[in-house]
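Hi,

Here is the structure I promised to pass on. Have a look at it first, and my notes on what turned up follow below.

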Amino acid sequence: MNIAQVDYDGLIPNNVALGQDVRVKHALEKWHPGYIDWWNDMGPEGFQKSLVYLRTAVSVDPKGWAKFDYVRMPDYRWGVLLAPQMEGRKVNFGAHKGEAAWQEVPGEYRAMLRRLVVIQGDTEPASVEQQRHLGKTAPSLYDMRNLFQVNVEEGRHLWAMVYLLQKYFGADGREEAEALLQRRSGDPDTPRMLGAFNEKTPDWLSFFMFTFFTDRDGKMQLEALAQSGFDPLSRTCRFMLTEEAHHMFVGETGVTRVIQRTCEAMKAAGISDPYDIDKVRKLGVIDLPTIQKKANLHFSLTLDLFGNEISTNAANAFHAGLKGRYREDRLKDDHQLESGSYPVLRFIDGEIRNEDAPALSALNMRLRDDYVGDCNNGVSRWNKVIADIGIPFAMKLPHVAFHRHIGEFSRTNVDVDGNILSPADWTHRRTDMLPSSSDRDFVESLMQPQFEPGKFASWIAPPKVGIDNKPGDFEYVKIA
Ligand SMILES: [Fe+2]
Ligand SMILES: [Fe+2]
């Protein structure tokens, strides 16, 4: 079978010859009803009968892998799709560098590998759960469709991780696959595994910030796992990255359109002071300082996902050849990091200081630095929109020590510029830097649905182009 071609005949579309792999096929078919139950319970609320103009992967050929059509979400063809195997691929880093990439799980690393797959897998359904109420307040059918596209693809990413568990991890893999359907975002008893995936996504600005910041963490993690010496994981993640690009797009253009609309409305009303919040809000748009506060919140929550700056787990996973650095294959060094150092921002004697740490221990920090660089590129594109319209304001990422709950800075209070604050000052200044309850109430008050084709809510500009080149008034969701 041509790997680029996907077999759509069975219950589970796939390009892994599932038809010839009876054990795994049965395991996945057994898991399927539980997944559908989960989707019906925890997937988008309402709209399950609506026809949504979605893309479905029909190939893994980068030059044309998707087709667009109206689909009811529960009928979406979630499948198992891996990027093509690369002839002669090797382990590219760590102690096993130069050995042939593993097609089976190396016994000594089994537990570590399973943990990596489960942690990645857990984030996928979590974000669907976090976003499940948003359809009702969509600012347009275009945006609603994008939300649902992200949701079904996160569902497919869960499938991707569950396939690896079922295929390569036997009975304990099966148990983990079940548990992925049992945990619930924000549930006090059975929460999702990582903090940011238990937060609420209460409004559309939060959704855009989440897809900008938190899906971008997903991209970084997938990039690092795509380097894995365990070839099936690498191939799985490489294809997931193709889909992830759309999630980045939704976040980046979403925030951009909110910013654009605000600036245009200010300009039209002759308001030049971005801090004249009451006046700006009366225009039915979100003031720039509030957008900044939302960015501060989502950026800081997402930084926590990178874990401790100094981490033995990260060192072990790299040493074992399981999880590499961002774009490891393009880096020029020995790819083993047994010597060498990396500068790590630490909290020492009441100060924030850069200190060299062994490169192998500092891998989380390094991935986080790459992430911050990637975020900053997006922020400068936002700022170009603000500057072009001529409003004197620039969005800025807060200091990495700001509002942290994991790692070096979880023990201190730091403002957005990196100044250490006393607990009293922190309490006093908190709502200058993070959304206050009145900010949240205001944003929520704007969340009025706009379901007429081609129309957009007051607080967001239309996109430059439609999805799949559709015209502006295209009915992306036929609501039923
Ligand atoms: Fe995902
Ligand atoms: Fe995503």
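**What I found**

The largest nonpolar core has 126 residues, and Tyr-35, Phe-213, Ile-259 and Trp-459 touch the most other members. (Such a core is a set of buried Ala, Val, Leu, Ile, Met, Phe, Trp, Tyr and Cys residues joined through side-chain atoms within 4.5 Å; buried is under 20% relative accessible area, exposed over 50%, partly exposed in between, with a 1.4 Å probe and protein chains only.) Helix 3 (residues 141-168) gives the most to this core, 16 residues. Helices here are DSSP runs of H or I, at least four residues, numbered from the N terminus.

Bear in mind that this is a predicted model: local features need pLDDT of at least 70, side-chain atom pairs count only at pLDDT 80 or more, and totals for chains, interfaces and linings use all residues. Residues are numbered from 1 along each chain as its sequence is written, chains are lettered from A and ligands numbered from 1 in the order in which they are written, and side-chain values use heavy atoms, with hydrogens and water left out.

Now the metal. Donors are N, O and S atoms within 2.8 Å of the metal (3.2 Å for Na, K and Ca); water is not among the atoms, so sites may look incomplete. Glu-154 also coordinates the iron ion (ligand 1), which is 3.5 Å from the iron ion (ligand 2). Asp-215 sits in helix 5 (residues 204-226) and Glu-244 in helix 6 (residues 231-269), so the pair ties together parts 29 residues apart in sequence. Asp-215 is buried, at 4% relative accessible area, and Glu-244 is buried at 4% too.

Cheers

Notes: Helix = DSSP H or I, 4+ residues; strand = E, 2+ residues; numbered from the N terminus.
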